[in-house]
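Dear colleague,

Please find below the structure that I am handing over to you. My findings follow it, and I would be grateful if you could read them with the model open.

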Amino acid sequence: MNTVTSIAELRAELDAARAAGLGVGVVPTMGALHEGHLSLIDRSVAECDLTVVTVFVNPTQFRPGEDLDAYPRRLADDTALASERGADLLFVPAVEEIYPPGFATSVAVRGITERLCGDATRRGHEHFDGVTTVVAKLFNIVQPDRAYFGQKDAQQVAAIRRMVADLNFRVRIETCPTVREADGLALSSRNAYLSADQRERATALVDALRATQSELSDGVRDGATLTQSALRRLADRLAPDDTVEYFEIVDPCSLETVESVDRPALAVVAARVGSTRLIDNFPLEPKTDRPSAIPTTNPIPQGAAI
Ligand code: AMP
């Protein structure tokens, strides 16, 4: 595996690969790679001739007061892990390589990014503007055939799918299932911030999602009823200083609240356990006699994304 830091060098490598007819996959990350990231790399390595992993702690997607400086940076470990899993190129640009002096452009997806994690009171759409802008840049730099993202960040992938469809990027977005610890906690680089007590309380999120799924299987379809029940469970398990930012049942594509789970939906949750912000989600399938036609991992029809 070759590590490159400049856009020019990366493009030279990729031009040669493309000239040789190789299909290119990209896995964008902020580093501190764990099994969740590695599952994306595995998928790209299995499906593409050449896999580019990007490691870039993107400053524009951190909100003021967030953990930009404290965010874990482990380039030596990341290099070893990405190489072991078969990545071909590791792109590790400096901030100035991505945002040179005078940089003035933003790619903003409206609607999807203005609720849940993008709620105006949390200035969240600025976070998503940072994500879509850097991902648009990475798509233009790498020009991948496929790009791999985690279902764990469902709102992020919904925004990226919207951007790809709206701006006619020629890339196929692949969403990979959330990788979890044995007790169900979704893997996240931020789990390292949790104390032992907080780590135990953090499973309240996945447990609330599981309970929602089982209530749905028992026949409860009303979104408000499922939500109230999940909020009660979260309140029972979390400490008084922890805060639930939201628990909602939403449409997997638009992320609008659904009143009744009559078709595939998504239960989404965000909470602060201590000062660590955690998110998680579960796809919900209403019970039907026939198999579902809508894959939960592909919220926007693929044809629309090309
Ligand atoms: P990040 O480094 O946090 O920006 O994440 C990079 C990519 O890894 C994103 O597409 C995430 O959705 C994905 N990812 C993060 N955690 C997980 C996980 N537990 N399972 C699957 N994918 C994940």
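How near do the axes of helix H7 and helix H8 come, and at roughly what angle do they cross? Please bear in mind throughout that this is a predicted model. The axis of H7, which spans residues 196-217, comes within 9 Å of the axis of H8, residues 223-237. The two axes cross at roughly 155 degrees. An angle over 145 degrees counts as roughly antiparallel, and H7 and H8 are therefore roughly antiparallel to each other. In this crossing, which is right-handed, H7 passes H8.

Helix H5 covers residues 124-142 and helix H6 covers residues 154-166; their axes come within 10 Å and cross at roughly 50 degrees. That angle makes H5 oblique to H6. The crossing of H5 past H6 is right-handed.

I turn now to the ligand. There are 17 residues around the ligand, and those that come nearest are Met30, His37, Asp153, Val179 and Leu187. By class, this shell consists of 8 nonpolar, 7 polar and 2 charged residues.

Which elements supply at least two residues each to the shell? They are strand S2 (24-29), helix H2 (35-47) and strand S5 (146-150). H2 gives the most, with 3 residues.

- His37: an N or O atom in its side chain is 2.9 Å from an oxygen atom of the ligand.
- Asp153: a polar atom of its side chain lies 2.6 Å from an oxygen atom of the ligand.
- Val179: a polar atom of its backbone is 2.8 Å from a nitrogen atom of the ligand.

On its own, the ligand has 490 Å² of accessible area, and the protein covers 92% of this.

With kind regards

Methods:
Residues numbered from 1 in each chain as written. Predicted model: local features only at pLDDT ≥ 70, side-chain atom pairs only at ≥ 80, totals over all residues. Heavy atoms only, no water. Near = heavy atom within 4 Å. Polar contact = N/O pair within 3.5 Å; in protein donor to acceptor, adjacent residues only side chain to side chain. Areas by Shrake-Rupley, 256 points an atom, 1.4 Å probe, with all protein chains shown as cover. Helix = DSSP H or I, 4+ residues; strand = E, 2+ residues; numbered from the N terminus. Nonpolar A, V, L, I, M, F, W, Y, C, P; charged D, E, K, R; others polar. Axes fitted to C-alpha atoms, helices over the stretch in contact; angles between N-to-C directions. Parallel < 35°, antiparallel > 145°, perpendicular 65-115°, else oblique. Left-handed = near helix turned anticlockwise from the far one by under 90°.
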